[in-house]
Amino acid sequence: MTEAHTQIPVAPLGEALAPAGGETAVLTHFVNGAGWKGTGTETQLVFNPATGQPIAQALRGTAADVDEAVAAAKAAFPGWRQRTPKDRADVLLKAAAVLEANAEELAHLESVNAGKPMPLAREDVDGTIDTLRFMAGAVRAPLSLSAGEYVADRTSMIVREPVGVVAAITPWNYPLLTAAWKIGPILAAGNTCVLKPSEQTPLTALRMAELLAGVLPAGVLNVVTGAGSVVGEALATHPDVALVSVTGSVRSGQAVAGAAATSLKRVHLELGGKAPVMVFADADLDAVAEGIRFAGFGNSGQDCGAGCRILVEESVRDELLERLVPTVESLVVGDPAAGDHIEMGPLVSKTHRDSVVGFIDRALAAGARAATGGKAPEGDGYFVLPTVLVDIPDGAECTREEIFGPVVTVETFTDEDGAVEAANSTAYGLAASVWTENARRAADLPGRLDFGTVWVNDHLAFATEMPWGGFKSSGYGRDLSAYALDDYSRTKHVMFNRARGADGTERS
């Protein structure tokens with residue numbers, strides 16, 4: 001660490017949040033085990049999207065701040081990688097216990113900063129804890145080729161080893177959960193980490209780092225806040241960063257991959273999606289409507305796997321809409337602070353709210369009709385009413401581009417091949433679902449769909465044991481499951497020459 005690096009004590013982050021109309025505190029980076037003011041002086045306001053009011057200020061990190069964080073991670077790497085899998089697993093289990101003991105505080109921070117209803121925020125915290133616990137177990141039971149003899153008198157073995165310092169860049173829609181999806185396997189595999197949370201939602205990442213300061217060795221986990229164009233680019237081009245992992249938009253992934261290419265460092269990308277929901281005439285339409293209510297509008301539709309593009313067999317289109325529209329209209333929308341009965345909160349920012357409304361307005365101008373919703377309500381906060389668009393012209397923007405808001409589109413098909421072709425026509429390849437009671441169709445269609453995850457009679461259900469990631473413009477690499485450990489490690493072949501002479505001595 002440089003002499004200029006001065007650590008400062010960190011009070012619980014929740015105590016620093018400004019009340020309505022109050023003065024906002026400046027949050028610090030977290031480097032080498034403690035809060036750090038960094039080298040820059042610029043800050044960015046952090047808002048509560050349900051009220052539109054600022055609640056804190058986050059530092060705008062600089063390239064020099066990234067240098068400091070990477071240096072801390074690099075210094076911590078040799079000691080961390082040398083720990084046995086059991087030792088690292090024990091640390092992750094302790095980390096999970098600390099987060100569990102502070103789960104309600106983390107859920108509150110996530111709700112206030114990201115606009116999540118409290119039940120969803122609590123689910124995200126639970127998923128965070130479960131991810132750390134799973135990775136603690138998975139790293140102790142690796143699956144790989146066993147030692148073998150593939151050349152005469154020589155024994156080969158495969159070794160999985162950490163890559164070094166890993167940069168993790170996380171989005172604003174699941175700030176804590178996606179951080180855990182990266183930190184869990186990164187640390188379990190023996191790497192150290194520099195995390196850049198979204199500048200819009202840094203609260204839970206910073207608080208997690210504070211809570212784990214007494215569990216993780218200094219430098220193993222560092223957090224630098226700031227803009228992607230500065231902090232993200234500095235991480236992607238840094239010579240001491242071995243791998244960059246990004247969850248975000250296609251544009252963000254392209255920028256990071258391009259920057260990382262200059263040093264040929266590895267990149268792990270989980271990007272956008274435009275998930276089709278394929279509904280056949282024999283499907284349970286009540287279940288479909290309920291499934292879309294959750295998968296299309298949960299987290300205000302701000303989910304890369306959201307079930308946002310409905311492809312329904314023409315003969316049951318009207319019947320589905322008769323169920324779907326009132327089901328969507330029953331969603332309770334409001335400020336999550338109002339209580340656990342709130343089911344859908346605001347969008348993350350005014351800019352994003354305006355983007356979603358722009359998609360809706362252009363769709364309506366092109367001839368689509370809003371069966372429900374279709375606008376932003378009056379009042380404070382960055383809300384958009386749950387929207388179902390129908391009567392959509394072929395090839396319309398709203399069916400091709402990721403809106404990332406509480407908007408689902410409804411199109412029709414007349415035959416199975418046409419449905420598959422329409423589903424695969426998108427540039428994205430993250431997730432899809434098939435709704436049918438036909439067993440043969442249910443078994444056959446997933447293999448014909450070009451998506452990393454395909455649900456049958458379900459949508460947006462996750463299991464920590466199963467991988468998550470996409471194809472095509474949705475990126476490459478896998479979060480969750482033991483496959484994530486492979487993504488954050490490298491394969492080494494070690495060969496032993498065991499040939500001996502006729503008298504039993506080693507050959508020269």
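Visitor: Which strands does helix α13 lie across?
Guide: In this predicted model, helix α13, residues 416–424, lies across β14, β15 and β18. Its direction runs at about 160° to β15, which spans 307–313.

Visitor: What is the strand order of the open sheet of seven strands?
Guide: The order is β16-β17-β18-β15-β14-β20-β21, and the pairing is mixed.

Visitor: Which are the edge strands?
Guide: They are β16 (369–372) and β21 (453–456), each of which pairs on one side only. On average, neighbouring strands of this sheet are turned by 25° against each other, direction ignored.

Visitor: Which strands does helix α11 touch?
Guide: Helix α11, residues 350–365, packs on the sheet and touches β16, β17 (387–390) and β18 (407–413). The direction of α11 makes about 25° with that of β17.

Visitor: In what sense do β14 and β20 pair?
Guide: Strand β14 (residues 275–279) and strand β20 (residues 431–435) pair in the parallel sense, over three bridges. Within β20, Trp 435 stands opposite Val 279.

Visitor: Changing topic, which residue does UniProt list for "active site"?
Guide: The UniProt entry, which is unreviewed, lists Glu 270 under that heading. Glu 270 belongs to strand β13, residues 266–270.

Visitor: Is Glu 270 buried or exposed?
Guide: Glu 270 is buried, because its relative accessible area is 2%, and buried means under 20%.

Visitor: What is Glu 270 in contact with, leaving aside its neighbours within four places in sequence?
Guide: Glu 270 is then in contact with Val 246, Thr 247, Gly 248, Cys 304, Leu 430, Trp 468, Ser 474 and Asp 479.

Methods
Residues numbered from 1 in each chain as written. Predicted model: local features only at pLDDT ≥ 70, side-chain atom pairs only at ≥ 80, totals over all residues. Heavy atoms only, no water. UniProt positions renumbered as here; feature names shortened; annotations may be inferred. Helix = DSSP H or I, 4+ residues; strand = E, 2+ residues; numbered from the N terminus. Buried < 20%, exposed > 50% of the residue type's maximum accessible area, 1.4 Å probe, protein only. Contact = heavy atoms within 4.5 Å. Pairing = 2+ DSSP bridges. Axes fitted to C-alpha atoms, helices over the stretch in contact; angles between N-to-C directions.
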